Amino acid sequence: MWLPLERPTYSALTSDIDVDLAVVGGGWVGLHVAYLAQRDGAQVAVVEAAEIASGTTGYSTAKLTSQHGFIYDALETRHTVEVAEQYATANVAGIDLVTGLVDELGISCDLTRAPAWAYTLEPTRRDEVASEADAARRLGLPAHLDETIDLPFEIAAAVRFDGQYHLDPVRYLNELAEAFVSAGGTIYEHSRATSVDELRDQSVNISVERISDRGLGHSSVRANQAVVTTLLPLGSLGGYFAKTRPIGAYGIAVRLRNAAPAGMTIQIEPPNWSTRPWLAAGPTGMIVVGNGHQVGKTDDAAYRSDELAAWTHNTFEVETIEHRWFAHDYSTPDLLPYVGYSPTSTAILVATGFRKWGLSNGAAAALMLTDHLAGRENSWAAPFNAGRIGDAKAVGKLVTGGFHVGKEFIAGRLGNDHPTCTHLGCPLHWNAPDSTWDCYCHGSRFDSTGAVLTGPAVNSLKLDTDK
Ligand SMILES: Cc1cc2nc3c(=O)[nH]c(=O)nc-3n(C[C@H](O)[C@H](O)[C@H](O)COP(=O)(O)OP(=O)(O)OC[C@H]3O[C@@H](n4cnc5c(N)ncnc54)[C@H](O)[C@@H]3O)c2cc1C
Ligand code: FES
């Protein structure tokens, strides 16, 4: 949705290379890690399957906020006050990193300060709203209870966070990438990693397939360390496909007849309508997102996207709908992202599971990862530990998730004629509005010719006939 403006393009990897640090995936997290590590003195190469910032970041609502729906009360209850504090501190640090880089590098990305509201329409949830506001305030966050918000209808109650931000994430990343390259880093686009392996000497070998105007080709990257920031680690790396769920949402970018509300809002109950200004379209531009579901549940995709448009038409005076999209992120069983060393690895690090709040969390992840790489202490990284198994509740969720995938896998073997996913063989579902084949198991998506759009799959489908 965030249209790339004029920007440098980066060539594909055409020969074997050797670097200190390889970053696999040139999205929000990857480019932050690359920039910070290069600044720390490492020789860094980014290997990107498509184009930088073209993954989920390019379809994000892009609120840069420590308000993540309702989370702080749940973190205190589910984990401890200390964990909630570490999460809050990490996300404030992530926001400070981004706003600091905008200043320092002079990045032009419509970064704008605005309040963020998380609201409920249900009077029975007022106590919950008060508890969230209390928990957030205790942690030092700028939270207030409200009974009205910046939208033209009545609500039951809301938590408002002052001094939050929204921005254009693609313009931001394009300029961050240029700063990274100016500092001596290298970016390879159209270069898909197909495997990431730690070798006996604890260096890392990354096999890369390039798709360029010179055709298909294979090269490898040898690195002392690698950070895998591909939204979900590719293939079976670290087993994260089994520990997360791919949750998507629909989005539209509209022009209204009047000025768009200046604040950011999100409804805490489904369909979780989320709004923010869209400054690139002028004062009447607005982005609306919501009505999410697990990737691969495609039977009512067109209906859900239309419901989003209908809510927007019923709530505002809409002049035109300029863009529509569906995108996904991954949730974890215990509300916390996985950031750090992949299990049993001493040279491969990962960051995943941002629950659709990956801008502040993702920038925080980049700080944690570069602290790990440089051997620096980080006082809030512990709960994000990427090797954790989690508490009993998390394990229970993993088991339920495993059942669901098992059922889906067996359904695929019992004679439907859908193509099967090249990740682990689940049946794929045709997503007519997007013309994609989507996997319900772990969220891989393929275009109508069978090319991989999003992993964890790394190999194309072999389709008998094009859809
Ligand atoms: C609808 C929606 C709305 C959201 N709104 C918000 C919001 O308002 N605020 C917020 O904080 N968060 C939001 N998020 C979440 C946020 O956008 C994501 O968490 C964040 O963008 C993830 O960044 P990433 O770098 O991990 O992934 P990506 O941006 O997806 O980057 C991963 C990159 O890796 C590349 N890649 C994949 N596989 C390979 C491979 N094998 N080899 C090489 N490269 C590969 C991809 O092409 C891609 O460029 C939203 C998410 C969704 C889905
Ligand atoms: S994404 Fe894992 S089987 Fe399809």
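Tutor: Two residues are in contact when heavy atoms lie within 4.5 Å. By that rule, 14 residues of domain 1 touch 11 residues of domain 2. This is a predicted model, in which local features need pLDDT of at least 70 and side-chain atom pairs pLDDT 80 or more, while totals for chains, interfaces and linings use all residues. Residues are numbered from 1 along each chain as written, chains are lettered from A and ligands numbered from 1 in written order, and side-chain values use heavy atoms, without hydrogens and water.

Student: What makes up domain 1, domain 2 and domain 3?

Tutor: The bounds come from an automatic or database domain assignment. Domain 1 takes 17-59 + 171-242 + 335-384, domain 2 takes 113-163 + 244-331, and domain 3 takes 392-454. The C-alpha centres of domain 1 and domain 2 are 30 Å apart.

Student: What area do domain 1 and domain 2 bury between them?

Tutor: About 1100 Å², with 63% of it on carbon and sulfur atoms. Buried area here is the accessible area (1.4 Å probe) lost when the two parts are put together, summed over both. Tyr59, Leu231 and Lys356 supply 45% of what domain 1 buries against domain 2, more than any other three residues.

Student: How many salt bridges cross from domain 1 to domain 2?

Tutor: The rule asks for a side-chain nitrogen of Lys or Arg within 4 Å of a carboxyl oxygen of Asp or Glu. Across this interface it finds 0. The whole structure has 22.

Student: Why is the pair Arg39 and Glu104 called a salt bridge?

Tutor: The closest N and O atoms of Arg39 and Glu104 are 3.4 Å apart. The limit is 4 Å, so the pair qualifies. Arg39 sits in helix α1 (residues 28-39) and Glu104 in helix α3 (residues 81-105), so the bridge ties together parts 65 residues apart in sequence. Helices (H or I, at least four residues) and strands (E, at least two) are DSSP runs, numbered from the N terminus.

Student: How do you know that Cys426 and Cys441 form a disulfide?

Tutor: The test is a pair of cysteine sulfur atoms within 2.5 Å. Cys426 and Cys441 are at 2.0 Å, S to S, so they pass. A search of the whole structure finds 1 disulfide.

Student: Why is the disulfide of Cys426 and Cys441 given its handedness?

Tutor: The torsion about the S-S bond is about -85°, so the disulfide is left-handed. Cys426 lies in the loop between α8 (392-413) and β18 (428-431), and Cys441 in the loop between β19 (436-439) and β20 (445-447), 15 residues apart.

Student: What makes the backbone at Ala62 stand out?

Tutor: Most residues other than glycine have a negative phi, and most peptide bonds are trans. Phi of Ala62 is near 60°, a positive value. Ala62 is in the loop between β2 (44-47) and β3 (63-64).

Student: Which peptide bonds are cis?

Tutor: Pro270 to Pro271 is cis, with omega about 10°. Pro271 lies in the loop between β12 (264-267) and β13 (274-277). Gly455 to Pro456 is also cis, with omega near 20°. Pro456 falls in the segment after β21 (452-454).
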